[in-house]
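Look over the structure below before reading on. The paragraphs that follow go through its metal site and then its ligand.

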Amino acid sequence: MLELKTPGEIDAMRPPGRAVAAVLAAVRAAAQVGTRLHELDEVARGVLRDHAATPTFLDYHPSFAPTPYPGVICTSVNDAALHGIPDGYRLRDGDLLSIDCGAAVDGWTGDAAITFSVGTPRAGDARLVECTTAALRAGIEAAVVGNRIGDVSAAIGGVARAAGYGLHTDFGGHGIGREMHEAPSIPNDGRAGRGLPLRAGLVIAIEPWFMAGGVDGYRIDADGWTLRSTDGSRAAHMEHTVAVTAGGPLVLTDGSAQAGHHVVTA
Ligand code: MF3
Ligand code: CO
């Protein structure tokens, strides 16, 4: 069952989107050489409190995981792509850090992720981050009325393949609204022109994650959560919550001056 949101409901998704954007900005600023990952989780909790937002990741317990999720953010370092648990690890110069955050305000949710280097970027990381960002951008630009889910998926996958990066269709994007995960799912690769037609009012989280080694495999740590590249290569993950509207894609988790503005496509 696929739920379309009214313009008023899309407006109600702006506050959780802003809260998530604020968390990501604060965590990015706090992530210095020597900072422990659980300190970043504390920063995130404070920002959510300031925004009267509740975390959606905390205690989330999907069927694939052995335990409820213990943090309000995911902190995935270097070869970890997704779902890294904020623990006592101290960030080191050149670490590639992905932060994912979900939040709810007044019953509506937002979900977004960023990846950045701590200190001096290691060779190759900037290109990986730029490419994942470009794939997110391409996916957003494909999120227009008249396109289909497959167009968003193909836009993302095409960027990864052109760059020679590894990608996987597990743990892709998803519908989002009152629930963090709603129909439909948005795989990070697919065939253009296929799948569900995009209609105004569909709100989706688009979240490419790529692995630099060009190998598509991943494995899960003994903690049951942390997802790493099988070849040990570094990974990046970028995510925005986006509304498909008659006026074009509307990014709800953009913390920049452009927040809440329509993305101009073509
Ligand atoms: N952005 C991720 C997703 O959509 C966040 C889930 S992390 C978890 O699945 F901790 F909540 F599992
Ligand atoms: Co998500």
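Why is the arrangement of the six donor atoms around the cobalt ion (ligand 2) irregular? This is a predicted model, and the answer lies in the angles: the six donor atoms subtend angles of 69 to 170°, which makes the arrangement irregular. For comparison, the ideal angles for six octahedral donors are 90 or 180 degrees.

The protein residues that coordinate the cobalt ion (ligand 2) are D111 (OD), H174 (NE2), E207 (OE) and E239 (OE), at 2.1 to 2.2 Å. Along the chain, the donors follow the spacing D-x62-H-x32-E-x31-E.

Next comes ligand 1, which sits in the largest pocket. There are 13 residues around ligand 1, and the ones that come nearest are D100, H174, H181, E207 and E239. By class, this shell has six nonpolar, three polar and four charged residues.

Some of these residues place polar atoms close to the ligand. H174 has a polar side-chain atom 2.8 Å from an oxygen atom of ligand 1. In the side chain of H181, an N or O atom is 2.9 Å from an oxygen atom of ligand 1, and the side chain of E207 likewise has an N or O atom 2.9 Å from an oxygen atom of ligand 1. Ligand 1 taken alone exposes 330 Å², and the protein buries 95% of that.

Definitions and conventions. Residues numbered from 1 in each chain as written. Chains lettered and ligands numbered in written order. Predicted model: local features only at pLDDT ≥ 70, side-chain atom pairs only at ≥ 80, totals over all residues. Heavy atoms only, no water. Near = heavy atom within 4 Å. Polar contact = N/O pair within 3.5 Å; in protein donor to acceptor, adjacent residues only side chain to side chain. Areas by Shrake-Rupley, 256 points an atom, 1.4 Å probe, with all protein chains shown as cover. 1 Å grid on protein atoms, 1.4 Å probe; cavity = no way out; pocket = protein on both sides within 12 Å on 5 of 7 lines; lining within 4 Å. Sits in = over half its atoms within 2 Å of the grid points. Nonpolar A, V, L, I, M, F, W, Y, C, P; charged D, E, K, R; others polar. Donors = N, O, S within 2.8 Å, 3.2 Å for Na, K, Ca; no water. Tetrahedral: all angles 85-135°; square planar, octahedral: opposite > 155°, others 65-115°.
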